[in-house]
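Here is a short walk through one protein model. Keep the sequence and the 3D view side by side as you read.

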Amino acid sequence: KKFMFRGIELDKLLDLSHEELLNYVHARARRRMQRGLKRKPMALIKKLRKAKAECGVLDKPAVIKTHLRNMLIVPEMIHSQVAVYNGKVFNHVDVKPEMVGHYLGEFSITYRPVRHGRPGIGSTNSSRFIPLK
């Protein structure tokens with residue numbers, strides 16, 4: 001089965017210009033892209049391009065570290081490897097075609113999910129009592 005992004009095949013998606021891509025993303029992404037890519041997002045894209053150019057045909061590109069959680073994933077970033085900072089560590093993200101139009105931060109969770117049903121210290125009155133042998 002071939003990948004389709006809102007009715008466009010992957011190879012055609014990679015050929016789209018920024019202006020043509022605007023027609024296929026949501027309103028917030030469209031507004032942000034119309035206002036132009038700033039210096040930091042542009043620097044990240046340049047680093048990703050460089051990493052892709054330096055790797056071999058069958059190799060994976062080098063991992064690029066970034067703090068830009070609000071960076072929109074554009075088709076140019078597909079098959080890149082990004083390490084996204086979550087406030088503590090860099091989480092490794094392989095950019096796949098399905099991720100186009102999403103933000104990098106969506107793939108690097110910033111909190112540890114709550115695990116219910118496992119009592120800890122101070123959960124009940126009986127846990128206060130610690131026998132002295």
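This is a predicted model: local features need pLDDT of at least 70, side-chain atom pairs count only at pLDDT 80 or more; totals for chains, interfaces and linings use all residues.

Is Ser108 buried or exposed? Ser108 has a relative accessibility of 0%, so Ser108 counts as buried. The cut-off for buried is under 20%.

What surrounds Ser108? Leaving aside residues up to four places away in sequence, Ser108 touches Arg69, Val84, Tyr85, Asn86 and Asn91. With Asn91 there is also a polar contact, side chain to side chain, at 3.0 Å.

Now move to Tyr85, one of the residues that Ser108 touches. How many aromatic pairs does the structure hold? The structure holds 1 aromatic pair. Tyr85 and Phe90 form this pair, with ring centres 4.8 Å apart. Two numbers are needed for such a description: a pair of aromatic rings is described by the distance of the centres and the angle of the planes. For Tyr85 and Phe90 the planes stand at 50°, so the pair is tilted. The label follows because planes under 30 degrees apart count as stacked, over 60 as edge-to-face, and the rest as tilted. Tyr85 has a relative accessible area of 23%, so Tyr85 is partly exposed. Phe90 is partly exposed too, at 31% relative accessibility.

Next come the charged pairs. The structure holds 2 salt bridges. One of them joins Arg49 and Glu76, whose closest N and O atoms are 2.3 Å apart. Where do the two partners lie? Arg49 is in helix α4 (residues 39-54), while Glu76 is in the loop between β3 (63-66) and β4 (81-85). The pair therefore ties together parts that are 27 residues apart in sequence. Arg49 is partly exposed, with a relative accessible area of 40%. Glu76 is partly exposed as well, at 34%.

Asp94 and Lys60 also meet in a salt bridge, through their side chains, at 3.8 Å from N to O. Asp94 belongs to strand β5 and Lys60 to the loop between α4 and β3, so this pair ties together parts that are 34 residues apart in sequence. How accessible is each partner? Asp94 counts as partly exposed, at 25% relative accessibility. Lys60, at 60%, counts as exposed. The cut-off for exposed is over 50%, which means that Lys60 passes it.

Finish back at Ser108, buried at 0% relative accessibility and in polar contact with Asn91.

Key:
Residues are numbered from 1 along each chain as its sequence is written. Side-chain values use heavy atoms; hydrogens and water are left out. Buried means under 20% relative accessible area, exposed over 50%, partly exposed in between (1.4 Å probe, protein chains only). A polar contact is a pair of N or O atoms within 3.5 Å; within protein, one must be able to donate a hydrogen and the other to accept it, and residues adjacent in sequence count only if both atoms are side-chain atoms. Contact means heavy atoms within 4.5 Å. Rings of Phe, Tyr and Trp (its six-membered ring) pair if their centres lie within 6.5 Å; planes under 30 degrees apart count as stacked, over 60 as edge-to-face and the rest as tilted. A salt bridge is a side-chain nitrogen of Lys or Arg within 4 Å of a carboxyl oxygen of Asp or Glu. Helices (H or I, at least four residues) and strands (E, at least two) are DSSP runs, numbered from the N terminus.
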